[in-house]
Amino acid sequence: MAKNGGGCLLVVVVLAAAVGFGYYKTQNGGSEAAPAPPGSEIGGGTGRYVALGDSYTSSPKTGKQAGEPVGCARSDNNYPHLVAAEINPAEFADVSCSGAVTASITGSQKTTNGTNPPQLNAVNQATTLVTLGIGGNDVGFIGFAGECVAGSPNAAPCKEKFTAGGKDQLAAKIDATGKKVADLLKKIRGKAPKAKIIVVGYPTVLPDGEGCWPALPVGVPDVAYLRDALGDLNQTLSDTADQNDAGFADTAAPTKGHDVCTNPGTRWVEGLVATSPAIGLHPNAKGQQAMAEAVQKVIS
């Protein structure tokens with residue numbers, strides 16, 4: 001999700017990505033199958049597979065650079081590549097890009113090293129499978145990073161700011177993001193009427209409970225607030241997929257217990273400082289494998 005300077009999303013306030021794509025609630029205990037468009041024969045992996053998304057899809061630093069532009073920080077062992085290796089499609093196009101927002105699917109995206117064309121350009125009538133991992137950057141968690149840093153485990157600067165006046169600003173942004181994703185699904189369906197479309201949720205980053213302050217400097221009340229908000233984002237993506245004849249790959253459930261507060265040997269989503277090839281607060285190779293398996297579950 002993150003914008004990356006030469007392949008990395010995280011900026012100084014690296015905390016934001018953690019809270020930005022932290023803990024996501026389990027979606028009804030599993031992934032939801034993608035319905036087949038009426039009257040069509042869904043080829044799944046037999047035709048053209050196109051992967052769209054942000055840095056949780058492109059997976060910076062977990063593998064070798066794949067495709068252009070370099071600024072998208074797309075790895076050759078991200079979940080799209082792992083899925084493609086498993087299903088062996090006739091054609092495969094991974095056009096995901098770090099820093100992508102919903103507008104990056106239909107419009108070009110400038111990166112620190114090159115411009116990524118509209119991701120939707122890769123989808124055509126021969127496409128039989130599309131995965132879409134997008135929405136987190138639209139909510140804007142990265143932008144309010146500094147607001148969530150807490151000098152005390154009991155502080156709640158984020159909750160106090162974003163619920164001031166009785167209106168939850170994050171809830172409003174999540175709702176707006178759901179509408180944008182719904183519009184994208186309609187556009188994808190228009191270009192690929194026979195495709196199976198799968199919306200891919202975000203994995204678990206923050207743990208249950210109180211968090212791990214001060215290693216992750218987010219107060220206990222804000223951990224709960226952000227966990228609920230981020231769970232709502234995943235639920236919104238799931239509901240939006242269901243309402244638009246698409247499947248939903250729940251990546252939160254299989255990555256639970258492997259969050260940033262766990263030990264390096266158990267961790268599938270890196271902490272503030274990555275201890276394995278990845279960028280901070282993003283899935284490492286094990287996390288990407290778990291995401292790939294969640295997608296494959298929906299395909300099969």
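Reply: The account below concerns helix 11 and the parts around it. The model is a predicted one.

Helix 11 covers residues 285-299, which makes 15 residues. From its first C-alpha to its last it reaches 21 Å, close to the 21 Å expected at 1.5 Å a residue. At its start, a side-chain oxygen of asparagine 284 comes to within 3.0 Å of the backbone nitrogen of lysine 286.

The buried residues of helix 11 include Gly287, Gln288, Ala290, Met291, Ala294 and Ile299. The buried residues of this helix pack against several elements, among them helix 3 (79-87), strand 5 (127-133), strand 6 (196-200), strand 7 (247-249) and helix 10 (252-255).

Threonine 251 lies in the loop between strand 7 and helix 10. Because its relative accessible area is 0%, threonine 251 counts as buried, the limit being under 20%. Leaving aside neighbours within four places in sequence, its contacts include Met291 and Ala294, as well as Val200, Gly201 and Tyr202. The side chain of threonine 251 also reaches the backbone oxygen of glycine 201 at 2.8 Å.

Strand 1 (residues 48-53) pairs with strand 2 in the parallel sense over four bridges. Alanine 51 has aspartate 94 in strand 2 as its bridge partner.

Terms used: Residues numbered from 1 in each chain as written. Predicted model: local features only at pLDDT ≥ 70, side-chain atom pairs only at ≥ 80, totals over all residues. Heavy atoms only, no water. Helix = DSSP H or I, 4+ residues; strand = E, 2+ residues; numbered from the N terminus. Expected span 1.5 Å × (residues − 1). Buried < 20%, exposed > 50% of the residue type's maximum accessible area, 1.4 Å probe, protein only. Contact = heavy atoms within 4.5 Å. Polar contact = N/O pair within 3.5 Å; in protein donor to acceptor, adjacent residues only side chain to side chain. Pairing = 2+ DSSP bridges.
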